[in-house]
Amino acid sequence: MIERKERKPYWRHTKWQMLASLVPFLAVIIVLPLYADRLNANKFLGFPLGYFLALHGLVLIAVITVASFVNRQDAIDHWHGAHEDS
Amino acid sequence: MTFSHRAGYVNPRLGTYFGIFISAFAAIGLLSLIFEGLGAPRSALQLAMLLGPLVLYVAIGLAAFTREPLDYFASGRRVPAFYTGLVISQTAMGATGLVGITGALFLIGFDALCLVIGGLAGFVLMAVLLAPFFRKFGAFTLPTYLGRRFDSVALRLTAGGLLAVPMLLMLAAELQMGAYAASWLFDQSRGASLLLLVLAILLTLGAGGMRSLSYSSAAQCIASLLALLVPVSIVAVVLTNLPLPQLTSGTVLRLVGRGEAAQGLPIILPPALAFDMPGEGLSAIGKRYSDAFGSVGPVAFVIVMMSTLAGVASAPWLLPRVAATPGVYEARKSLGWATLLFGIVMMTAASVAIFMRDYLMDIVTVPGQVRFPDWLEVLKDLGVLSIVNDANGRPTLSGFSVERDAVLFSLPIAAELPAAALYLTAGGIIAAALATAGSLTNALGNVLAEDVVFGLSWLPEQPAQRLLVSRFTLGVAAAVGGAIAYIAPTDPLNLMFWALSLTAAASFPVLVLSIWWKRLNAFGALAGMATGFGLTVLTIIAGEAGWTGVDSALAGAIGLPAAFVAAMSVTIATPAPGRHVLELVRDIRVPGGEILYDREMRFLRRQKNQRS
């Protein structure tokens, strides 16, 4: 069980983790499709690069974002003693 | 017996059970292949592919019968992360998403990615912003969570009423798409197909509610995944020698791109707010596959992406799933699985689109006399494809018109696979439709029972009465959804856009703020939900009537930010929430400790006992 005085630092830590997970991800998903046409001049595995990044690349980025978030947030939970008892 | 709420509660035989299901499903597929080779009548094979899996789903649902409210509403909180993620990935947009996005990718290529990226990002936002906290709170429905979090019965009832609308729209879309997929297997009227689907859902869910739903829809999602991946992988082996369509379709796309340039397919620069998603019926191939922004303008692309993202992240039919995971850690992890599996499904859908374009391209790029293959005649006879020749009497790529929803079903025909492959695809789409429609029926039925019928009292009724009412409202939800699907013959993809925009505007802002801004009070939440919902409905109506000149799918652009602004400004203008509520928010934010819904109910029961 988390100690009372740990709650504030825990939540501050969690908020920074949230921003670190979401800000780069949202920036990429909004900006990348807008430049896809210019990237399409290059090819990768036969795919036009802009299309490849907008589909395969974003899937990869999304999976990595969630995986790293789960891992980091779990570490934060344990650091502050906020984790569930197993 | 005291026990911790986490590990050790997952059924260790779950893998075996689903292994048996996969074997049985594969056996149905292989047997229909064998009997097709032996010359069995087609109608028998179709019926086997339609009813065989249905029997399995219903059997799983009935086997999960329960009398316990915790099992009925949250599956005993023992569904592992992988199965939760699998089901979330397939039921976020469901069969409508799968069939509609495949068709849209085929017809407008890159521009349909706004839905794919929106769905992916929705899972990421759900994992980071909402799912762990909703699991910690442990409420069975979204309105219960909101009502308890703000300690307001008015908010609970309003949320129940408002969120029922997008759920009904999505339910109608799913049932329509399921009936469409059934029409490839089942020579009966649309009404009969809808009735069959509704009955299957009721039989599956009636016995165990969420418990039946968790395991039967996991089976349905495995079936739909297999039915999508297997035929496409076979086509990939035929075309590219490797069973990895997601990656090897690149070499095919290169040929398609060259052909499109040779055919002189135009490069279009649409207005920023253009949103020309192909609708029902035949649509022409008007645009090069990998060019960005031909049918959808860049601003519209971002808007649809954002409203899909917010709609998926806060979907009232997905969040209750998260409450059924064994713990907060598993709730986060399940969204990781959902992201991965959704990505794989969407990359496969894109390769279906590329392969179909390639098959058509092969016809039109042949030098000399054009000869139409047999499968093209089959598709023409089915009425899902038409050809207009150009001035020289030759067919061109832009002369082909294809029905959007038929693209996924056309691939096995175009690849000249045995008919069993087509039946397998149709069976998979029916499975996806059943899983999603089941999720919606269950969520809607629980909202009606818990938040509308018993909405005025916080203390839950006696288990027997509670489950009886929930089973009754489950039937009501399914019947109303079926009736709407029958009488409103609107494009299912459009219904899905509306449902996602409405959810995005009505629930996403309030849900996110309810966790990340503890000052938010009941007035702000009410104002946010009502503003978001009302403005989105008005924008949809205005878009459909053509008053604004902007497509109704973009309705989230106004409702979503307006709901944020309304919730925050009304909150600041009204008094801060009380101590109890603030303490509750602080507890929601910490994963460890008791499930808050259980704790609240215990407090209430103790208060009531002291009074009496």
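Modeller: Let's take confidence, then the chain contact, a helix pair and a sheet.
This is a predicted model, so to speak of local features we need pLDDT of at least 70, and side-chain atom pairs count only at pLDDT 80 or more, while totals for chains, interfaces and linings use all residues. Residues are numbered from 1 along each chain as its sequence is written, with chains lettered from A and ligands numbered from 1 in the order in which they are written.

Colleague: What is the mean pLDDT of chain B?

Modeller: The mean is 92, and 99% of the residues of chain B reach 70 or more. pLDDT is the predictor's confidence in each residue, from 0 to 100. For the complex, the predictor gives an ipTM of 0.97 and a pTM of 0.95.

Colleague: How many residues of chain B are in contact with chain A?

Modeller: 43 residues of chain B, with 43 residues of chain A. Contact means C-beta atoms, placed from the backbone, within 7 Å.

Colleague: Which helix gives the most to that side of chain B?

Modeller: H14(B), with 11 residues. Helices are DSSP runs of H or I, at least four residues, and strands are runs of E, at least two, numbered from the N terminus.

Colleague: And how do the residues on that side divide?

Modeller: Into 25 nonpolar, 11 polar and 7 charged. Nonpolar covers Ala, Val, Leu, Ile, Met, Phe, Trp, Tyr, Cys and Pro; charged covers Asp, Glu, Lys and Arg; the others, Gly among them, are polar.

Colleague: New topic. At what angle do H6(B) and H14(B) cross?

Modeller: Roughly 170°, with axes that come within 8 Å. Axes are lines fitted to C-alpha atoms, for helices over the stretch in contact, and angles run from 0 to 180 degrees between N-to-C directions. The two helices are therefore roughly antiparallel to each other, a label for angles over 145 degrees.

Colleague: Which residues meet there?

Modeller: Among them are B:Phe123 and B:Met126 in H6(B), and B:Leu335 and B:Phe342 in H14(B). By class, this contact has 14 nonpolar, 4 polar and 3 charged residues.

Colleague: Now the sheet. In what order do the strands run?

Modeller: S1-S3-S2 in chain B, an open antiparallel sheet of 3 strands. S1 and S2 stand at the edges with a single partner strand each, so one side of each has no neighbour in the sheet.

Colleague: Over how many bridges do S2 and S3 of chain B pair?

Modeller: Over 4 bridges; pairing takes at least two DSSP bridges. B:Ile387 has B:Phe400 as its bridge partner, and B:Asn389 stands opposite B:Pro395.

Note on methods. Contact = placed C-beta atoms within 7 Å. Parallel < 35°, antiparallel > 145°, perpendicular 65-115°, else oblique.
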